[in-house]
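Let's read this structure together, one feature at a time. Bring your questions, and we will take each idea and then its case here.

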Amino acid sequence: MIEIYKDRNLAVLFSQNPQIFVDYPKNKYQNCKKPFLLQNDLEVVLIDYTKEQTYYFVVKKNYCWDGATIPRFFWRLVGSKTDPRFLVPSLVHDVLCENHHYVNHDRYFADCVFERLLYISGVNPFIRWMMFHSVDNFQKFCAW
């Protein structure tokens with residue numbers, strides 16, 4: 001396992017680096033709803049040190065996702081949904097949002113994993129803070 005991130009609260013480990021294929025629209029009329037495709041099976045281990053819990057799941061090859069769900073009018077401030085820095089964090093977070101049971105229905109822990117993966121990807125602190133709180137509050141509103 002490759003240790004992606006570790007601190008006193010949580011750890012993120014991958015079996016290998018995610019291989020991501022990007023299918024950008026070829027013209028302005030083509031609409032790619034989910035332009036990202038995982039090209040390898042990815043085993044993920046998340047460790048929550050505060051609750052002494054370890055979560056293990058596999059993201060299967062050919063998993064598709066839409067990247068970071070950022071409204072178009074925020075792209076100048078945050079970056080576009082296809083920004084390479086957002087690919088791995090959005091991959092893991094989308095999988096966790098679709099499969100709440102992977103982390104024992106712990107929404108806040110899933111959001112913390114997302115924020116730490118943004119940190120590893122080099123996203124600046126203000127943008128990370130904005131993205132974390134936007135995702136966290138949106139999920140509260142959607143009753144996760």
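Q: Which helix gives the largest share of the lining of the second largest pocket?
A: A pocket is an open set of points on a 1 Å grid over the protein atoms alone, where a 1.4 Å probe fits and protein lies on both sides within 12 Å along at least five of seven lines; lining residues have an atom within 4 Å of a point. In this predicted model, α3 gives the largest share of the lining of the second largest pocket, with 5 residues. Helices are DSSP runs of H or I with at least four residues, strands are runs of E with at least two, and both are numbered from the N terminus. Both α3 (107-120) and α4 supply at least two residues of that lining.

Q: Before we go on, what should I know about the numbering and the model?
A: Residues are numbered from 1 along each chain as its sequence is written, and side-chain values use heavy atoms, with hydrogens and water left out. This is a predicted model, where local features need pLDDT of at least 70 and side-chain atom pairs count only at pLDDT 80 or more, while totals for chains, interfaces and linings use all residues.

Q: What volume does the second largest pocket have, and which residues lie nearest its centre?
A: A volume is the space filled by probe spheres set on the grid points, which are joined across faces, edges and corners. For the second largest pocket that gives about 270 Å³. Its lining has 16 residues, and Asn9, Leu10, Tyr108, Cys112 and Phe132 lie nearest the centre. Sorted by class, the lining holds 7 nonpolar, 2 polar and 7 charged residues. Here Ala, Val, Leu, Ile, Met, Phe, Trp, Tyr, Cys and Pro count as nonpolar, Asp, Glu, Lys and Arg as charged, and the others, Gly among them, as polar.

Q: And what does the largest pocket look like in these terms?
A: The largest pocket has a volume of about 630 Å³. It is lined by 25 residues, of which Thr69, Ile70, Ser134, Val135 and Phe138 are the closest to its centre. α2 (87-98) and α4 (125-141) each supply at least two residues of this lining, and α4 has the largest share, 6 residues. The lining of the largest pocket divides into 14 nonpolar, 7 polar and 4 charged residues.

Q: How many aromatic pairs are there?
A: A pair of aromatic rings is described by the distance of the centres and the angle of the planes. Rings of Phe, Tyr and Trp (its six-membered ring) pair if their centres lie within 6.5 Å; planes under 30 degrees apart count as stacked, over 60 as edge-to-face and the rest as tilted. By this rule the count is 7 aromatic pairs. In one of them, the ring centres of Tyr55 and Phe109 are 5.5 Å apart with planes at 45°, so the pair is tilted. Because Tyr55 lies in strand β6 (residues 53-59) and Phe109 in helix α3, the pair ties together parts that are 54 residues apart in sequence.

Q: Are Tyr55 and Phe109 buried or exposed?
A: Buried means under 20% relative accessible area, exposed over 50%, and partly exposed in between (1.4 Å probe, protein chains only). Tyr55 is buried at 6% relative accessibility, and Phe109 is buried at 4%. Another pair, Tyr63 and Trp65, is stacked, at 6.0 Å centre to centre and 20° between the planes. Tyr63 and Trp65 are both buried, and together with Phe36 they form one aromatic cluster.

Q: Which residues does buried Leu38 touch?
A: Contact means heavy atoms within 4.5 Å. Not counting residues up to four places away in sequence, Leu38 touches Pro18, Gln19, Val59, Lys60, Lys61, Asn62, Tyr63, Trp65 and Leu91. Leu38 lies in strand β4 (residues 36-38) and has 0% relative accessibility. Leu38 and Lys61 are 23 residues apart in sequence, and 5.5 Å apart in space, C-alpha to C-alpha.

Q: Where does Glu52 lie, and what is its phi?
A: Glu52 lies in the loop between β5 (42-48) and β6. Glu52 has a positive phi of about 55° although it is not a glycine, and it is exposed, with a relative accessible area of 71%.
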